[in-house]
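Please look through the following report with the sequence and the model side by side, and find each residue as it is named.

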Amino acid sequence: MRDPHAPPIRLLLVEDNPGDARLIETLLAEYGGFEITWRNSLASAKAWLAENGVDVVLLDLSLPDGTGMATVDAMRAAAPDVPLIVNTGLNDEEVGMKAVKHGCQDYLIKGSCDAQLIGRTILYAIERKAIERERLQATAQMKKVLLQTVRAVSLTLEIRDPYTAGHQRRVAQLAVAIGQKLGLAEHVIEGLHTGALIHDLGKINVPSDFLTRPGALSAAAFDVVRSHAEVGAEIVDGIDFPWPVAQMIRQHHERIDGTGYPAGLKGDAIIPEARILAVADVVEAISSHRPYRPSLGIDAALAEITRFAGSKYDPEVVAACVAVIAANGNQVFCDDDPPMPPGL
Ligand SMILES: [Fe+2]
């Protein structure tokens, strides 16, 4: 039962058949609590929506200027936050189900509704949309906190060790740009961004002296440096990330010809995100200043990855990296935080 003092629900009825529209108006008047605006075409409904607020849309699926799922998609694009219910003809239950898969909250079958059914269906659709909105907001908030936590962890390493200051952040910037160039899914790019930000986390276990010392390291010291891939992966192994972050960290020094470490994996045995990190990592390292040497320049970095494309580095990743740098130059690295992948 609706609160009698609640403001009326503003319903936009999109229906080209005046008889059907009148029937719905009559049923909703009987149920009570609705303020109905009737439009008889998709175009006039969209024009009305552009100027007016609405709580729910009831949409006929055979309009003069739109039929079937195209009508649903057009209405969802025009009013993505508004709950949408479709009105289908008799025997069109399948169409109704399809509409729900296209993002509608529910469907009604013409000629088979009484006032109670139609009223309740609309109220539940509004409720369902509100829950969906809250869920999306909660997910976005959780992702934001996760990213802030990952950045804090990333910064911890960089505070301890100026050698890596900004390195992980810049690798993340380049890796995201490469991932986007390769057309990877948004979710994969979010994971790549996260993994890149902490890919050197295991260096927390390496004495800074080993990382900053110019010249060659002893074999024992080099082994300790190389252990950072495995140590970093072990640190995050217990975190239930929605991406293979531990594998990205563990494999970012693997090379497709099997000459990398720690496992000497080859080709596709290395996950795509790690193949991207490998390229972004080496380009950033060569083109950045180091405490013991100035930058070798972006051209030297590109020469390195191009020379070893197909042997050490994934050639597709190299091509994407070269294209990204050709388009953006050094601007791909900036002092700001990495560009947020679209989902974050
Ligand atoms: Fe590394």
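## Two buried residues

Ser41 has a relative accessibility of 14% and therefore counts as buried, since the cut-off for that class is under 20%. This residue, like everything described here, belongs to a predicted model. Ser41 is placed in the loop that runs between strand S2 (34–39) and helix H2 (42–51), and, when its neighbours within four places in sequence are left aside, Ser41 is in contact with Val14 and Asp65.

Thr71 is part of helix H3 (residues 68–78), and with a relative accessibility of 0% Thr71 also counts as buried. If residues up to four places away in sequence are not counted, Thr71 touches Leu42, Leu59, Asp60, Leu61, Leu63 and Gly66.

## How H6 packs against H7

Two packed helices are described by the angle between their axes and by the distance between those axes. For helix H6 (residues 167–181) and helix H7 (residues 186–197), the angle is about 160° and the axes are 8 Å apart. Because angles over 145 degrees count as roughly antiparallel, H6 is roughly antiparallel to H7. The crossing of H6 and H7 is right-handed.

On the H6 side, the residues that take part in the contact are Gln168, Arg169, Val171, Ala172, Ala175, Val176, Gly179 and Gln180, and in H7 they meet Ile189, Leu192, His193, Ala196 and Leu197. Sorted by class, the residues of this contact between H6 and H7 comprise 8 nonpolar, 4 polar and 1 charged.

## How H5 packs against H6

Helix H5 (residues 115–160) packs with H6 at an angle of about 135°, and the axes of H5 and H6 lie 9 Å apart. That angle makes H5 oblique to H6. In this contact Ser154, Leu157 and Glu158 of H5 meet His167, Gln168 and Arg169 of H6, and by class the residues are 1 nonpolar, 3 polar and 2 charged.

## The cysteines

A disulfide is a covalent bond between the sulfur atoms of two cysteines. How many disulfides does a search of the whole structure find? The search finds 0 disulfides. Cys113, for example, is in no disulfide, and the nearest cysteine sulfur to it, that of Cys104, is 15 Å away, whereas the cut-off for such a pair of sulfur atoms is within 2.5 Å.

Cys321 is another cysteine to find in the model, and with a relative accessible area of 0% Cys321 is buried.

Notes
Residues numbered from 1 in each chain as written. Predicted model: local features only at pLDDT ≥ 70, side-chain atom pairs only at ≥ 80, totals over all residues. Heavy atoms only, no water. Axes fitted to C-alpha atoms, helices over the stretch in contact; angles between N-to-C directions. Helix = DSSP H or I, 4+ residues; strand = E, 2+ residues; numbered from the N terminus. Parallel < 35°, antiparallel > 145°, perpendicular 65-115°, else oblique. Left-handed = near helix turned anticlockwise from the far one by under 90°. Contact = heavy atoms within 4.5 Å. Nonpolar A, V, L, I, M, F, W, Y, C, P; charged D, E, K, R; others polar. Buried < 20%, exposed > 50% of the residue type's maximum accessible area, 1.4 Å probe, protein only.
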